[in-house]
Amino acid sequence: MPDTYFYHYDDYDRTLVSERVDQFRDQVRRRLAGELTEEQFKPLRLTNGLYLQLHAYMLRIAIPYGTLSSRQLRKLAEISRKYDRGYGHFTTRQNLQLNWIKLEDAPDALAALAEVDMHALQTSGNCIRNVTADHFAGAAADEIEDPRIWAEIVRQWSTLHPEFTFLPRKFKIAITGSPNDRAAVRVHDIGLRLWRNDTGEVGFEVIVGGGLGRTPMIGKTLREFLPKNELLAYLEATLRVYNRYGRRDNLYKARIKILVHEVGVDKMRADVEAEYAETRDGLLGLSNETIEAITRQFALPDLPPKSNLVGAVEALRLENRDFALWLKSNVAPHRVKGYAIVTASLKPVGAPPGDASAVQMEGVADIADAFSQGELRVSHEQNLIFPHVAIEDLPAVYAALGRLGFAEANVGKITDIIACPGLDYCALANARSIPVAQRISNHFSELARQHDIGDLKIKISGCINACGHHHVGHIGILGVDKNGIELYQISLGGDVDFGKTALGTILGPAVAADKVVEAVDALVATYLDTRAAGERFVDTYRRIGAQPFKERVYATV
Amino acid sequence: MAKNLSGDLQVASANRLSDGVVVWLDDAGEWTIRLDRAAVARDGRTGEILLLRARAEAFPVIDPFLVAVAEEEDGTIEPLSLREKIRASGLTFDAIAADAVRYA
Amino acid sequence: MPLYSEAGGLPATYVPLSFADWQQRPEWPAVALANTDPVEDLAPHVGRLRLIVLDFPKFSDGRAYSQARLLRGRMGYRGELRATGGVLQDQIAFMLRCGFDSFESEQKGFGEALARARTLFSVVYQPTEDGRAPASRLRLENRPLAAD
């Protein structure tokens, strides 16, 4: 079995995680014995990833920067079988959620996770959350530097940070190392974008105050260029300003985006820089040795360059249309010649988006061992990724994924729908998400038609908290509750691509649950009738505006 | 056909502390996983008393609250809101099975 | 409210003034701040202050953690730093790391928890005012875990 090519826990990391499990076991014991009230216990369980949902507790497991080994994935399958109902839900924040956990079992489940250097630390609560990164990191052809090195550095710094565990509200950090941002850095509390300046030095653009939810905002640039080794001191200064001055009088105005919006980005920058001027020479400067030690662990696996053109692949491409489409949509360029990045679609037609059974997880782990250096990634689009696949192995990977139901050639297409768990599971939701996604998926199941429609991102949230990222969907769908009836508000034109990040605009009155498919169909028909050559759905929308879409939708529903 | 949709009928519900399972308070003041055994308050005043009783019995559960229900001719009760219907009867789609390689 | 400290704290009878009152009498050696009071204003006086009380209006309101770190780290305050208000045993480890050394708490079992709090986590990732060496430094020095 191959070794892993990402950060290895050492005794320090393992000790901390296992001591944290012991602490939580004691907290659970005290709660069950009545020594802690629910009000006192809730923040403790939340910072250990344990929510109470409609039917049960839900455990949100962190997959830091979306990187996972086959061994870890097998353990997740085992835990889902032993402590849950044998399946899990991959989320838009590179987490895995188990939906049927018992409080009394939670410490054992966390101890099992710790066996493979995993945890559920800070996947909830008003603290710095699990750090996310580009899911193609370390493999992408367009990458400047691997963002996971920095995500790991931030993971360590933010774990059990004593000053920032009771922030005004949750705090999400995302990092990208490519000009093509796949980590949505403009819609996070802090987004970090690695780029190379005129002198050839690589540093961070620090973006602050983005976010979706009730008040969606695009993040603003706090610092154009931050030298890399100053990252933690700068983050600490920013978090301190937020901890001291972020609003705590109103839950809905407590995120850093509201602070930035109210004081203005210039004042925010002045405050952060003033704090930073005092902090920068402290102990948080990163030594080159530390950076190098972590960088070495993210070394590219030994991938001997090969030919990009493989006869068997080309032959199959010609004879099997679905394989040809899969190569187009699910396979991305790798930085090493002769290799590719393969996305396993967790969006089979008609299935709950992002869900995988224990058997499917094990099957994916087997494929990773055989064809991708034992390594996997989880994307914020709720798919799984094999980062290092030789092009000559693509037919075998395609066939193996087909046996698992994960070979749908739909990545980036209309059935690659992002959806939150919605009212079927979630205590916050107002309306269901998954059944809506299933109906749309079934309606557009025909593969050639999906590819004809082209890139089209549908994102569905069951409430205004926007876990389904509906604001940045080309088509966004938001479930609302009106006098006990589920209605769905449709928005158009959202985008998370860097430089084009945009929030969608509401099309018109919300539509009934049983009219959502017709509405989407009308939107697609409008696009197909008016698109110019090579134009994506969202480009056509930008060119012609909402009116033609609106007329057709409301004439239909 | 529902006999009583007035919204006056209420039961007390909560999630069980130990495992999060949905439970209802029965006539004996015990928490049960069976909605058909729930104590039904038939007017606002009785509802308040039921909630007080639920809170007094709240040790093994989390934050009890009242749920408006409808009653059929045959006496079966069902929550009025979609959220509570889902809490009472589970997911509205089939979750994937542990040993499944394909959905549905 | 019961008062706890790790060793030899000032007695509960040692009376701090509110920040507004203290500003009138800045020679007084004890002050109690609200978590919105400008802690920076104490900087010229930290040498003669013997007690600073920081308030947690709710346990979930974490502003005083930042105040504590500024007092200890930036201003070099050496006197007693007391947490009051919503002070619960599961926060002790965080409070100690930010430089608190005495605590008012109504929670049962708080004293026992305080005695255990420094050994709860034998690894820390951040350098803070408690002076513990973070994992990143121990790694560079190649020190085994038990050395801390």
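Contact here means heavy atoms within 4.5 Å. By that criterion, residues 24 or more positions apart account for 54% of the contacts in chain B with a separation of 6 or more. This is a predicted model, in which local features need pLDDT of at least 70, side-chain atom pairs count only at pLDDT 80 or more, and totals for chains, interfaces and linings use all residues; side-chain values use heavy atoms, with hydrogens and water left out. Residues are numbered from 1 along each chain as its sequence is written, while chains are lettered from A and ligands numbered from 1 in the order in which they are written.

**Chain B: overall layout**

- Chain B contains two helices and six strands, where helices (H or I, at least four residues) and strands (E, at least two) are DSSP runs numbered from the N terminus.
- Read from the N terminus on, the order of these elements is β-β-β-β-α-β-β-α.
- The C-alpha trace of chain B spans about 50 × 35 × 20 Å along its principal axes.
- Of the 104 residues in chain B, 44% are buried; buried means under 20% relative accessible area, exposed over 50%, and partly exposed in between (1.4 Å probe, protein chains only).

**Helix α1 of chain B**

- Helix α1(B) covers residues 44-56, and its 13 residues reach 19 Å from the first C-alpha to the last, close to the 18 Å expected at 1.5 Å a residue. The expected span is 1.5 Å times one less than the number of residues.
- Gly47(B), Leu50(B), Leu51(B) and Ala54(B) are the buried residues named in α1(B). They cover an arc of only 100° around the axis, which puts them on the same side of α1(B); the arc is that of the directions from the helix axis to the C-beta atoms.
- An α-helix has 3.6 residues a turn, so residues three or four places apart point the same way.
- Arg45(B), Leu52(B) and Ala56(B) are exposed on the other side of α1(B).
- The packing partners of the buried residues of α1(B) are β2 (10-16), β3 (22-25), β4 (31-32) and β5 (61-72) of chain B.

**Second largest pocket**

- The second largest pocket has a volume of about 740 Å³. On a 1 Å grid over the protein atoms alone, a cavity is a set of points where a 1.4 Å probe fits but cannot get out, and a pocket is an open set with protein on both sides within 12 Å along at least five of seven lines; lining residues have an atom within 4 Å of a point.
- Grid points are joined across faces, edges and corners, and a volume is the space filled by probe spheres set on the points.
- This pocket is lined by 32 residues, of which Phe136(A), Arg182(A), Glu381(A), Val411(A) and Lys457(A) lie nearest its centre.
- Two or more lining residues come from each of α11 (321-330), β11 (331-333) and β12 (339-344) of chain A, and α11(A) gives the most, with three residues.
- The lining of the second largest pocket has nine nonpolar, 10 polar and 13 charged residues. In this classification Ala, Val, Leu, Ile, Met, Phe, Trp, Tyr, Cys and Pro count as nonpolar, Asp, Glu, Lys and Arg as charged, and the others, Gly among them, as polar.

**Cavities**

- Seven cavities of 30 Å³ or more are found in the whole structure.
- The largest cavity has a volume of about 90 Å³, and its lining includes His119(A), Leu121(A), Arg129(A) and Arg155(A).
- By class, five nonpolar, five polar and two charged residues line the largest cavity.
- The second largest cavity holds about 70 Å³ of space. Its lining includes Asn48(A), Leu110(A), His119(A) and Leu121(A).
- Helix α1 (residues 11-32) of chain A supplies the largest share of that lining, four residues.
- Seven nonpolar, two polar and one charged residues make up the lining of the second largest cavity.

**Individual loop residues of chain A**

- Asn48(A) is placed in the loop between α2 (38-46) and β1 (50-52) of chain A and is buried, with a relative accessible area of 3%.
- Beyond its neighbours within four places in sequence, Asn48(A) is in contact with Arg20(A), Phe24(A), Gln27(A), Leu59(A), Leu110(A), Ala120(A) and Leu121(A).
- Most residues other than glycine have a negative phi.
- Gln373(A), in the loop between α12 (358-371) and β14 (375-378) of chain A, has a positive phi near 60°. At 22% relative accessibility, Gln373(A) counts as partly exposed.
- Ala466(A), in the loop between β17 (458-461) and β18 (475-482) of chain A, has a positive phi near 65°. At 3% relative accessibility, Ala466(A) counts as buried.
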